[in-house]
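Trainee: Could you take a close look at one part of this model with me, and tell me how its residues sit?

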Amino acid sequence: MAAFSLQLERKVESGLVACGKFDGSHACIVVATSGGNILVHSPHRRPLPDPDDDPKTGRLAWTGELAELRIGKQMSDGAYTITVGKLGWLTDRSVVVIGGNCSVTVLDASGTEVFWTVTGDVVVSLMIFDFDGDGANELILGSVDFEIRALKGDSVAWDVKETAPVTALVALSGCQFGYAVGNGTVGVYEMGQRLWRVKSKHRVVAIRGYDVNGDGTEELVTGWSSGKVDARVPATGEVVFRVQLSAAVVGIARADYRHTGRPDLVVVSATGEVRGFGPGAASSEASEPGDKMRELLAKKQALIAEMRHRAANPGSFASRLAVEVSCGDGAVRMALAAGPGLLVHCAIVFAEGVFDGETLVDRPSRPCGQIEIELRPPKDSPVDVHVKVCVGPMGADLLQVFELTRQLPRFCMYERIEKPIDVEDALLDESGVTIEVAERPQRVAIWLGQNLILPEETEVEVAEVGPTAGTLNVCLRGLRDGKLHRLEATSGGKIRLRTKDSNFAGEVVQSLASYLGLGELGAEANFPEDEKLMTEALERLTGLRETEIRLRAGEARGAAMLRNLLVRTEDARILGDAKNAKTRLAQLRAVNGDLIRDHEIGANSYRDLVRTLKELNAAVQRIARLRVGKAAANAIAKCRSAIRDGDTRALVAVARQG
């Protein structure tokens, strides 16, 4: 049962809910209403009531005394999400972390920038959290490109791809943290390992950590767009608490709202309904004994039916399922074949980010001995494929279900060309990246074998005889676009990847460095097409900044003229000078029209500016991923300096040499 409930009698905007102590001791609920107002609700009597307050509802009018501007700073990359905390690699004082357009900026208490780095896309969620349990906080961020990253200074301590933009992050007990993505998925990670995840057709609005069952460990509380609120055990995902609101959840907060010395879980709906739950609230929501009995009886009936079927068909349950994974014709192909005398009736395939809805059901019109499933992962990352196959004889009413899991390697969407000598060098030109490692080509060959799908009894081997003895030469073809890539490694530790795709080159460098355990790695790169696009974007950025300055100056002049005309028009009205007032009104209309046109031009220019900044930051990210450690951090710093100065030559030089 709810510890308290109330009605704000206002429609509340989604995600704009918080709790704070404006007087330093009493918690208040703060929401943004659909009318564009900020509403503060407090159940506590204040010593000096304001005549604008409503004593019946406890709603407080907003006054200027509630806020004081401490820092004002213009963020060129925008501000999409903000968090405050202590980062282990910077200082023991709290800092402000701002997620922007493909970038993260950290400010100290005075507003001075103390850290900046690029990300793959717009940052929409942030969390300061001790990810690895070493006693020092890392920065966890979620971005629009489906990625969760843990930053430890200039290096990426951990990253993982999800299936949609990562919209929320929350710290839980120990090294566990919860996350939510835009497709209705919520889950928990612990030190880089996913413990569980669930998906719903409804959208996740908010997540929060709270001990709802009083066991001393915080559960993951989720508010959904359907109005449902549930709490799950972080280790298993088991639901221990569930409540349904009459409207969509718009926010969840933690605050000592009743002034009891312990925080309450405060849930707000879109219609302004507020419910508060205290520790141990889950005990009152326990299921009835009859529900558990019905569940056990249903399992009993299913087991009895299965035993009868096994007794009637003893041979059908001794079969096995043959599985073969290969690549070709633009996709990864998984062939599933049933045993002798049996047929495949249906296959259910679950793979994150591969299918729409993440699940594919392949049901042949007529059961057959073998089916083939096509998989096309959109990104170069390992994919776990979970398959359930229903197998049985023709006309069977009860089928045997095989469950299996296969992991597709990181570069499964690239097939090896057996005779790389047949690939013309003209198709590859001189684009690519060159790195040097203190490793033999045999180690690189093993890494390739683990990250590609190769035919059975086939391995990547280093040449042992002839003029190419002691070298590795492997040619790959991308199944998505048909582009060619060649990887060459010499006995001296020099590795050269000839490719026109800088994104693929970055993935190769990062994967190889992780496999070889390299903390520092420089590179020489040459991607003329990327350099041309970066140069054009930087030149366009310079022009957009100049346009923005001119537009701001024009808007300032127009606003001053508008104020002057307003005063003159009012003077004419007071003096009864209708002719002059009519003239001033016409001038006002003309100036106002000019300001509206200037605003439209400025809005379009700003959109172009944001898009250009995103292109440049994404290019800087590609440059950084061709290096590891300090080399990547130095490349980011030099690129930012070149972009700030508008120096295209310096930017190209950094892209090539780091």
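**Cysteines and a helix**

Mentor: Happy to! Cys-368 counts as partly exposed because its relative accessibility is 24%; that class lies between buried (under 20% relative accessible area) and exposed (over 50%), using a 1.4 Å probe and protein chains only. This is a predicted model, where local features need pLDDT of at least 70, side-chain atom pairs count only at pLDDT 80 or more, and totals for chains, interfaces and linings use all residues. Residues are numbered from 1 along each chain as its sequence is written, and side-chain values use heavy atoms, leaving out hydrogens and water.

Cys-368 is in no disulfide, as its nearest cysteine sulfur, in Cys-346, is 11 Å away. Cys-639 is buried, because its relative accessibility is 0%. Its closest cysteine sulfur, that of Cys-102, lies 14 Å off, so the distance is too far for a bond.

Let's move on to helix α2, residues 441-451, where Pro-441, Val-444, Ala-445, Trp-447, Leu-448 and Asn-451 are buried. They lie on the same side of α2, because they cover an arc of only 160° around the axis. That arc is taken from the directions from the helix axis to the C-beta atoms. An α-helix has 3.6 residues a turn, so residues three or four places apart point the same way. The cover over the buried residues of α2 includes strands β34 (472-478), β35 (484-489) and β36 (494-498), and helix α3 (502-516). Helices (H or I, at least four residues) and strands (E, at least two) are DSSP runs, numbered from the N terminus.

Key
Disulfide = S-S within 2.5 Å. Contact = heavy atoms within 4.5 Å.
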